[in-house]
Amino acid sequence: MCTNRVDEFPSPPSFPAKRKIPSKKPKVQVLGFSRRRWEEDEGKDMELKNLKLYLENQSIVEENEKLRKKANLLHQENLALISEFQKKFPHFDRFSSTPLLLHNKQ
């Protein structure tokens, strides 16, 4: 006697939902290795940038020293020319183009 009723068939067994099985390797070690390698790479990049900046700074310091020497020579030359001018034209005021005699009379 077969009947086609659904009630007669048992329902399939219910299983609990599958849970992920945790990995045996802790993620911290994997991340730690990656972080360590990244930090090493970052450290090398920083060392390279530091070296480039150091070399650039050295060239700026050298250029600054050359310009300082040049400015000092120009200043000495300027003082010598002023002294020579005052010897040749003692009647001119140093800061004006008018003779001292005319400047004092005003």
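Modeller: Start with a pair: Glu-84 forms a salt bridge with Lys-88, and the closest N and O atoms are 4.0 Å apart. One caution: this is a predicted model, where local features need pLDDT of at least 70, side-chain atom pairs count only at pLDDT 80 or more, and totals for chains, interfaces and linings use all residues. Residues are numbered from 1 along each chain as its sequence is written, and side-chain values use heavy atoms, with hydrogens and water left out.

Colleague: What makes Lys-88 exposed?

Modeller: Exposed means over 50% relative accessible area, buried means under 20%, and partly exposed is in between (1.4 Å probe, protein chains only). Lys-88 has 56% relative accessibility, so Lys-88 counts as exposed. Glu-84 has 43%, so Glu-84 is partly exposed.

Colleague: How many salt bridges are there by this rule?

Modeller: Two. Arg-68 also forms one with Glu-65, at 3.0 Å between the closest N and O atoms. These two residues sit in helix α1 as well, three residues apart, about one turn of the helix.

Colleague: Why is Arg-68 called partly exposed?

Modeller: Its relative accessibility is 49%, so Arg-68 counts as partly exposed. Glu-65, at 34%, counts as partly exposed too.

Colleague: What makes Phe-85 and Phe-89 an aromatic pair, and what is the angle between the planes?

Modeller: By this rule the count comes to one aromatic pair. Phe-85 and Phe-89 form it, with 5.0 Å centre to centre and 45° between the planes. Rings of Phe, Tyr and Trp (its six-membered ring) pair if their centres lie within 6.5 Å; planes under 30 degrees apart count as stacked, over 60 as edge-to-face and the rest as tilted. The Phe-85 and Phe-89 pair is therefore called tilted. Phe-85 is partly exposed at 42%, and Phe-89 is partly exposed at 35%.

Colleague: How do you know where helix α1 runs?

Modeller: Helices (H or I, at least four residues) and strands (E, at least two) are DSSP runs, numbered from the N terminus. Helix α1 covers residues 27–88, and Leu-55 is in it. The protein has two helices and zero strands.

Colleague: How much of the protein counts as buried?

Modeller: Buried residues make up 1% of the 106 residues.

Conventions: Salt bridge = Lys/Arg side-chain N within 4 Å of Asp/Glu carboxyl O.
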